[in-house]
Amino acid sequence: MKEDLPPMTLSEMRVHYDRGRLEREDLRDDPIEQFNHWLREACEAALVEPNAMILGTVDPEGRPAARTVLLKGVSREGFVFFTNTESRKARHIAGQPHVSLLFPWLALQRQVEVRGVAHRLPTAEVVAYFLTRPFGSQLAAWASPQSQVISARSVLEMKWEEAKRKFRAGQVPLPSFWGGYRVEPLQVEFWQGRANRLHDRFLYTRQEDGTWRIERLAP
């Protein structure tokens with residue numbers, strides 16, 4: 001059977017970048033302040049899940065992997081997310097804590113890339129967040145052996161129902177295999193699409209004294 005073809009070839013697809021510009025004088029001195037400014041604008045623009053970010057890791061053989069996770073906190077110390085600590089991403093981080101984060105705010109013709117080091121969060125911070133999760137999401141943390149091979153979706157649903165029966169009378173406890181990470185930023189790049197592919201790119205690099213060097217990069 002002949003596969004359906006897109007209405008035009010990929011090489012003909014074009015987007016004109018004309019939503020904004022980014023100049024050096026527009027930037028805050030601290031990349032977290034600049035990130036928060038852009039995140040607020042992404043939220044005000046009603047983007048779908050503006051806190052979604054692509055987490056990049058590498059395995060012990062240096063082979064890269066990427067997946068979308070949700071940002072659940074940001075401060076000068078870094079960017080926070082939570083996951084099963086026996087998952088593929090967690091195993092990668094255990095072997096190589098240097099990771100990347102990418103926020104693709106395509107509707108604003110913007111993206112932010114963070115390169116840094118992932119650190120495990122203390123248990124108290126993980127518990128505080130876990131208690132804010134919806135009941136169903138708490139059960140899912142117990143039910144899913146994340147990244148492991150399963151025979152069918154029914155296995156997940158059975159484990160979820162089992163957890164529901166087990167914890168129906170009380171608070172769902174934090175699983176021992178569930179935790180969080182804070183990515184300490186070493187470099188943060190802000191990208192704004194511009195006409196004729198002459199995009200604006202600015203790179204923040206953390207210095208030894210804790211300040212940030214800001215440089216414009218060619219697109």
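The model is predicted, so local features need pLDDT of at least 70 and side-chain atom pairs count only at pLDDT 80 or more, while totals for chains, interfaces and linings use all residues. Residues are numbered from 1 along each chain as its sequence is written, and side-chain values use heavy atoms, with hydrogens and water left out.

Ser147 is not a glycine, yet has a positive phi of about 75°. Ser147 sits in the loop that links helix H4 (135-143) to helix H5 (153-167); helices (H or I, at least four residues) and strands (E, at least two) are DSSP runs, numbered from the N terminus. Ser147 counts as partly exposed because its relative accessibility is 46%, where buried means under 20% relative accessible area, exposed over 50%, and partly exposed in between (1.4 Å probe, protein chains only). Asn196 also has a positive phi, near 60°. Asn196 is found in the loop between strand E7 (178-192) and strand E8 (200-206), and its relative accessible area of 70% makes Asn196 exposed.

Attention now turns to the pockets. Rolling a probe the size of a water molecule over the atoms shows where empty space is left. Here, a pocket is an open set of points on a 1 Å grid over the protein atoms alone, where a 1.4 Å probe fits, with protein on both sides within 12 Å along at least five of seven lines; lining residues have an atom within 4 Å of a point. Grid points are joined across faces, edges and corners, and a volume is the space filled by probe spheres set on the points.

The largest pocket holds about 370 Å³ of space. Its lining has 17 residues, and Phe82, Thr83, Arg133, Gln146 and Trp178 are the closest to its centre. Strand E2 (64-70), strand E4 (78-84) and H4 each give two or more residues to this lining, with E2 giving the most, 4 residues. By type, the lining of the largest pocket comprises 7 nonpolar, 6 polar and 4 charged residues (Ala, Val, Leu, Ile, Met, Phe, Trp, Tyr, Cys and Pro count as nonpolar, Asp, Glu, Lys and Arg as charged, and the others, Gly among them, as polar).

The second largest pocket has a volume of about 220 Å³. Of its 14 lining residues, Trp142, Ala143, Lys159, Glu162 and Ala163 lie nearest its centre. H4 and H5 each supply at least two residues of this lining, and the largest share, 5 residues, comes from H5. The lining of the second largest pocket divides into 6 nonpolar, 4 polar and 4 charged residues.
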